[in-house]
Structure formats: C-alpha cells, structure tokens
Amino acid sequence: MTHSSHPQEMRDAARHFGRRRFLTVTGAAAALAFSVNLPAAGTASAAELDARKLKEDPFTLGVASGDPLPASVLLWTRLAPRPYEAGSGLPRARVQVGWELARDARFSRIVRRGRATAHPEFDHSIHVEVKGLESDRVLYYRFRAGSWTSPVGRTRTAPARGARNSSLRLAAVSCQAYHDGYFTAYGHLADEDVSAVFHLGDYLYEYAVTATGGARNYTDRTLPAHFNRETITLEDYRLRYGLYKSDPDLRAAHAAHPFVVTWDDHETENNYAGGTPENDVPPEEFLLRRAAAYRAYWENQPLRLPQRPTGPDMRLYRRLHFGTLAQFDILDTRQYRSDQAYGDGWQKPGPESEDPSRTMTGATQERWLLDGWRASEATWNVLPQQVVMAQRKDVPTDAFKLSMDAWDGYPASRARILNGAEAARIENLMVLTGDVHVNYGFDLKRDFDDPSSRTLGTEIVATSVTSGKNGSDKPASWDNLMRANPHLKFFNGRRGYALVTLGRERARADYRTVSAVTTPGAPVTTAGSFVTEVGNQGLTPA
C-alpha cells in the first residue's frame, strides 16, 4: 500500500497530534476520536433512542459469549438493523437493551436479568459481565430491544478453580477470509459438543471483498461497493465486521458455544509487527490504523472490560482456568513483537533472526507467562497463540529456509519460552496455533535438530475455516516438510477446525475437515486423530 492511498483524515489526524504526543496513550485516544469525529466527552454526550421505535430487527449479527469464568459469563451483541451501512441503520443515540440468563432454552428458570446501554461510541455493541453464578453450568441467554428479541445463545461457566474435573473438550479455529469461501466449518462446529471455542486469529481480513463475495460467487445478492477496498478507517473495520458476523454459520457457532478469542495480523494489517506496518507508511498513520482496528475488534468480540483498548494499545493476553485439569494462557504475538528479520518471508536463518534480544511476546508478556507456569497446578497447560512454534524447514537439505514471521524467526524467544516451561516443570504442554491454513501436528523438542532429544510438549495447528480456498489433503509441500521435520507427525491441507479433548491420562486431537468451501454445504469428516499421554508427551495416531 502506498502512502498516497491512505484517507486524508488519517494523515490530517497524524499531523495534527504529532509523533511525540501520538505515541502517548491519551494522545492516541484523542487522535482516534479526532479522525472519526467521536465526541470528546464520550458516552455521556449521546441522546437516547426509545427502543420501541426500532422498525427493523436490530439483532442481525446474532449473539455471542466469551471467556468463561467459574462464577461469571460475558454476553455480547451489537445492534445493527442494517449491518452493511455506516452506522448500521441507527442514529447516534444510546439504546437501552434488556438481557436474560436462564437454566433452560425456554427461559422458564431465569437466573439473572438486567439492562445494558448500547452506546453509539462503541457502535452499539454490548458487553454484559454477569457475576455471582454457579460454576460448571450450561446457561442460555437472550437480549431484547423494544419489541425485538435476539436469537437464543448457549453458554457455560467454567469449573471451580479447585474442581477435579476429568475431561474438557474444546475446538480450535482460525483464519476465516470471507472472500475465500463459505463458513461451512462453523455450521458443523455449532453441532459439536465442546465447552469452548478458541479462535487463534485472522477472524477478519483487511482485504477487499467483491460485489459477489469473492470465491463465494454470489448470484442471489450484490454486496455494497464499500466492501471492495482494504479496511483502514474505524468505519471500514466496523463495516467489515458487519459483513463477517452476518454470516449464518458464524452466528450459529457463536450462539452455540462461548468463544475465547485472540488476534493475529489480518484483523489489522498483514504481517505487521508491533508498531511496524507491512509497508512504508509513517508510524503515526499506522498506529492510528491499529487503534481503529483494535477498537473495532473489541466492539465486535465477546471480551471483558480489561481488554477494552486505549488508543492503539489493548491487553489481549490473559489466563483462564478450567478446574485443576487445564490452565489456558492466551498469547498476543503481534502487538509486542520485534520486526521480522531479513525483510520477512522464508529466509535462511542467520545472525539477524538469531539475535537473542529479539522477542515474539515482549518482555512483560513473557514474564507473565513464565510466572503463570511456575504457579500452575493444572494437569494440562495450554497455550492458545497465533503462529507456528515448532521448527519448520521447507526442504530436507542444508539449503533450507525458515518462516521469519513464525517462531522460527524468533528462535531465542522460543527457547526462553520452552526452557521456561521445562524449568517450571510443566509436564503436559500443548500449544494451539492457527495462521498457516493447514493442519499440522508437531512434537515440541528440546532440540529440533536432534530427533532423540526430549519432547517438551505438542503443538496442534488448526487449519483455516476458509483462507486458502478449498485446499487439498496432501499439499505440494507435503513430502518436503514431512522429510525435513521428523517432529512433524501430521499434515493435511483441507479447511476445517480441530477438536481437542483433555483428560487426566491423555489428550486427543481430532482434525475435522470439509471437502470444499467455494460451494456451500460440504460434509465434515475426520482427517486424522492423535493422542499424547500425560507425563509422556508426543503425538501418536489414535
């Protein structure tokens, strides 16, 4: 992207505030408000709209829940009678919305009810934290605005911290480019029996979507022209979430299960690193774009208040516990990372990529992770994150190259993490990964160049929902990667998701795939299943 293609208001905002002030949190927040004409006084400035005057269904984007805690659930919706229009068909006014939480889908046994305000400053999104609940319970929820009632969502609380729970089933998903196909995998995932869905990034893509929906090749609708450009401004990102979240399969998955989300790059811009954009634009402009992307992300995801961004900063890394069975440390490997070495891409490793000062997580997040592991009492320590952690040589010769965007481009950072797990006596480590649009199953080795070295854990890489279009069972790189990486135990290139079942004796991974995404309705099958034993890590066919 060239400098000249950025909207004028972003350049004006960047110049108006100046680099030094922009790089402060308050300056960034002010610059964001300046660029999108948000009232400086915030939520108090908006008038109120009587919800009884809503003439169209405001719940077109469905409902969602997220980040289950033992005594609390987080409920989400966003009012959008016309989600493909700027402002979503609502005036810039507050709307009062009722919510209900019940033990049953008919709402005959109400647990909690209340009211929340949908503020225009947050694009009429609602994040309700319901507290004081019983642990390990399935619950149902819905919203009301005027005469309109939302679809019913199903969520659950986590087991109590000290619970001796024996099993936990989860799904891992990633990479859902709308323009690459239908979200068929989500329709199947909605029918799976899981306690939570972990989204590992690329929920949204910044790339243009044509009038026919790209590879979806719509013949029954025409998408508005404003989708056929890259997302840069807050309005761009908000509208694109409206497009994505209007998809019926994605809405079904959100209504069926609580989601635990983290981003990768495309929610903002391809392969950005910290404050460094993919292309040569002034840092003020990129951080303003990042602030817009982060704000829209929070508005459209079931996230709690500590995750609400301030300007271009948003603390997304966090920790969840599911009894004594599992601790989840959700990472952010985009916001704090060093720039990719050797100009990014697949490169021969060398002094630049192997510099020990390079970081994937930033020092604060790294310390938080290692401290959390040292205090962990869980059987399984699971690390939901974005890019491939295992070493991944492209060819089985000395001329191999490695991906500079993955942990291979940050080997010192990876070593600190894996050494830290070993030092904390983490015996059952599982990394969940997205990004690469294929299914992988890796053993994580103390020394990747020595197949006989200790296996420290496993890495389950979940394929994309759509990105890469239909894919194939055996990609062209299959032979080279399997020969070059003895610790790679499984490789499949179809679309789908991964199911992981954690138990007291073993964990099982089932790679669920669909045969096509460029046409709707493909069935789901299991492409491979593997287990890893408690106290004896390493993937073996189930």
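1. Ground rules. Residues are numbered from 1 along each chain as its sequence is written. In this predicted model, local features need pLDDT of at least 70, side-chain atom pairs count only at pLDDT 80 or more, and totals for chains, interfaces and linings use all residues.

2. Overall shape. With 542 residues, a compact globule would have a radius of gyration near 24 Å, and the chain agrees at 23 Å (taken over C-alpha atoms; the rule is 2.2 Å times the number of residues to the power 0.38). The C-alpha atoms fill a box of roughly 70 × 55 × 50 Å along the principal axes.

3. Look for 10 helices and 25 strands in the chain (DSSP runs, numbered from the N terminus: helices are H or I with at least four residues, strands are E with at least two).

4. Of the 542 residues, 61% count as buried (under 20% relative accessible area, with a 1.4 Å probe and protein chains only).

5. Helix H7. Residues 283–299 form this helix of 17 residues, which reaches 24 Å from its first C-alpha to its last. H7 is mostly covered, with 16 of its 17 residues buried.

6. Helix H9. This helix covers residues 411–423, and its buried residues include Ala 412, Ile 417 and Leu 418. Which elements cover them? Among them are helix H8 (363–374) and strand E18 (429–433). After H9 comes Arg 425, whose phi is positive, near 60 degrees.

Terms used
Heavy atoms only, no water. Expected span 1.5 Å × (residues − 1). Buried < 20%, exposed > 50% of the residue type's maximum accessible area, 1.4 Å probe, protein only. Contact = heavy atoms within 4.5 Å.
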